[in-house]
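Here is a short report for someone meeting this structure for the first time. Keep the view open while reading.

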Amino acid sequence: MPMPFAEALKTKEFVVTAEVGPPKGVDIQEMLHNIELLKDKVDALNVTDNQSSVMRIGSLPVCKLIKEAGGEPILQMTCRDRNRVALQSELLGAYILGIRNVLALTGDYITVGDHIEAKPVFDLDSVLLVKLIRQMEQGKDFAGNELKGAPKFCVGAIVTPEADPIEPQLLKFEKKIKAGAEFIQTQAIYDLENFKKFMGYARKFDVKILAGIVLLASAGMARFMNANVPGIFVPQELIDELVAAPKGKALEKGIEIAGRMVRQLREEKVCDGVHIMAIGREHLVPEILSAAGM
Amino acid sequence: MIVGHRKPLEEIKSYLDGCERVLVLGCGTCVAVCMAGGEKEVQLLASQLRMAFKEEGKEVLVEEETIQRQCDREYFDTIKNKVEHYDAVLSLACGAGVQMAAELFPKRVVLPGLNTTFIGVAEKEGVWSEKCRACASCLLAETGGICPITICPKGLVNGPCGGTNHGKCEVSKEKDCAWTLIYRRLEGQGRLDKIREIQPAKNYKAQTTPATIVHAAYMEEEA
């Protein structure tokens with residue numbers, strides 16, 4: 001059974017988290033299987049909150065299932081669908097269910113998802129959500145009212161090191177740390193030299209950085225992300241490697257690439273850990289870790 | 001100004017089912033400037049309706065009027081008596097004007113001919129863009145005169161989201177990222193300190209609806 005994530009961040013040289021994407025619907029067999037497979041191989045399982053604005057099972061019940069299975073969950077929480085009342089209420093609820101880690105995000109806009117006519121909320125943003133959690137820990141709600149018992153969370157946020165332009169992104173990164181983020185998880189990174197440059201800057205702050213690793217399943221996926229996903233840049237050499245893989249072996253190559261990156265980040269002590277996003281292929285996370293020599 | 005956009009003819013026609021006498025009522029201010037509800041647009045829509053009704057073999061009288069402003073009671077004085085002669089008034093004003101007309105003529109069916117879209121500016125001839133959400137707690141002093149509540153679809157007050165890309169918005173590659181614009185403007189002015197501190201959460205109480213404002217000089221009278 002993994003130690004509390006806050007402790008892992010403090011005591012381990014290199015932490016590993018993996019993402020769990022809840023399904024759309026109540027058939028959770030595959031998800032439970034993946035949770036079982038991963039819970040002891042990673043330091044925490046990070047559960048998405050209606051990722052990409054596509055309606056699914058929420059993050060909180062899945063975090064509870066992970067807890068029951070003996071894993072360490074991280075509750076992803078976006079500001080897209082809840083105002084400050086609902087955010088705080090859910091945080092209190094998460095705490096009484098034993099959930100101790102939160103990743104605060106702004107959330108994708110409604111129209112990128114599958115309910116494009118829904119009302120977007122965005123009462124707060126990710127910076128203010130971090131601040132809100134820290135205020136609740138002081139025994140006060142966001143409006144300054146007394147809480148009957150205060151929660152305590154390990155709070156993270158995100159950054160996009162490949163954002164263009166980078167300066168406004170870094171301004172927000174610094175605000176997240178000022179608001180009280182303990183760890184920062186990055187958008188997928190593929191260019192290690194660029195990432196090292198970012199780390200040269202990020203090391204000035206008292207915060208743990210977990211590099212985002214997204215498993216590449218094919219050259220097509222890499223090209224698609226380059227064209228369509230903000231802040232993701234897959235260098236041409238990696239695309240060439242995937243193209244050169246024998247027919248039907250691109251995914252294996254993707255696992256090898258992801259493993260190689262994790263290994264390099266760890267051996268060269270570039271950052272404090274990785275967050276692996278296998279997007280629908282969560283069962284392959286152990287293979288990525290073994291390719292990384294872990 | 002307030003920018004509106006005319007509703008599709010079919011939708012407008014469907015409102016008028018069963019009407020025999022219709023007044024198309026234009027507004028000579030904002031919606032005239034944005035070429036949606038002024039005198040010219042009243043003429044055009046009235047002609048379209050006449051032709052459509054004629055084609056369908058319906059006898060509907062469609063007449064036209066345009067007043068200076070539909071958001072001020074006194075401008076209705078000139079048409080007050082005339083309105084009684086119609087079953088329906090099709091107002092081409094913004095939503096505020098339509099409601100004022102409906103309030104002044106409670107026995108008549110007052111219908112909207114436009115969708116009111118935003119408070120904005122004219123970019124060039126025939127092009128308008130949204131600039132203000134009327135949030136009742138203006139942030140423009142902090143953000144280099146660029147409104148993050150309006151220009152950022154998420155209304156973020158503390159910097160860009162992760163969806164911004166090459167200065168464009170996650171929602172549309174055609175739209176600029178408000179926070180990239182704000183950053184660049186303040187950088188150019190040497191005033192980035194304005195956005196380095198954490199901006200407090202937006203006070204939505206300030207825009208509790210419906211809002212009413214009484215000018216200080218008229219407070220006593222109202223009380």
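The model is predicted.

**Chain B as a whole**

Chain B holds eight helices and seven strands. Its radius of gyration is 22 Å, well over the 17 Å that the globule rule gives for 223 residues, so chain B is more spread out than a compact globule. Along the principal axes, the C-alpha atoms of chain B fill a box of roughly 65 × 50 × 25 Å.

Four strands of chain B form an open sheet with parallel pairing, in the order 3-2-4-5. Which strands stand at the edges? They are strand 3 (61-67) and strand 5 (109-112) of chain B. Each has a single partner strand, so one side of each is left without a neighbour in the sheet. From one strand to the next, the twist averages 25 degrees.

Strand 2 (residues 21-27) and strand 4 (residues 88-91) of chain B pair in the parallel sense, over four bridges. L25(B) stands opposite S91(B), which belongs to strand 4 of chain B.

| Helix of chain B | Lies across (chain B) | Angle to a strand |
|---|---|---|
| Helix 3 (residues 39-55) | strand 2 and strand 3 | about 175 degrees to strand 3 |
| Helix 5 (residues 95-104) | strand 2, strand 4 and strand 5 | about 175 degrees to strand 5 |

**A helix pair in chain A**

Two packed helices are described by the angle between their axes and the distance between the axes. In chain A, the axes of helix 5 (residues 126-137) and helix 6 (residues 167-179) come within 8 Å and cross at roughly 5 degrees. Angles under 35 degrees count as roughly parallel. Helix 5 of chain A and helix 6 of chain A are therefore roughly parallel to each other.

Which residues meet here? Helix 5 of chain A brings S126(A), V127(A), V130(A), K131(A) and R134(A). Helix 6 of chain A brings K172(A), K175(A), K176(A) and A179(A). By class, the residues of this contact are three nonpolar, one polar and five charged.

**Where the chains touch**

How many residues of chain B are in contact with chain A? There are 24, and they touch 29 residues of chain A. The chain B side has 11 nonpolar, 10 polar and three charged residues.

Methods. Residues numbered from 1 in each chain as written. Chains lettered and ligands numbered in written order. Predicted model: local features only at pLDDT ≥ 70, side-chain atom pairs only at ≥ 80, totals over all residues. Contact = placed C-beta atoms within 7 Å. Nonpolar A, V, L, I, M, F, W, Y, C, P; charged D, E, K, R; others polar. Pairing = 2+ DSSP bridges. Helix = DSSP H or I, 4+ residues; strand = E, 2+ residues; numbered from the N terminus. Axes fitted to C-alpha atoms, helices over the stretch in contact; angles between N-to-C directions. Parallel < 35°, antiparallel > 145°, perpendicular 65-115°, else oblique. Rg over C-alpha atoms; globule rule 2.2 N^0.38 Å.
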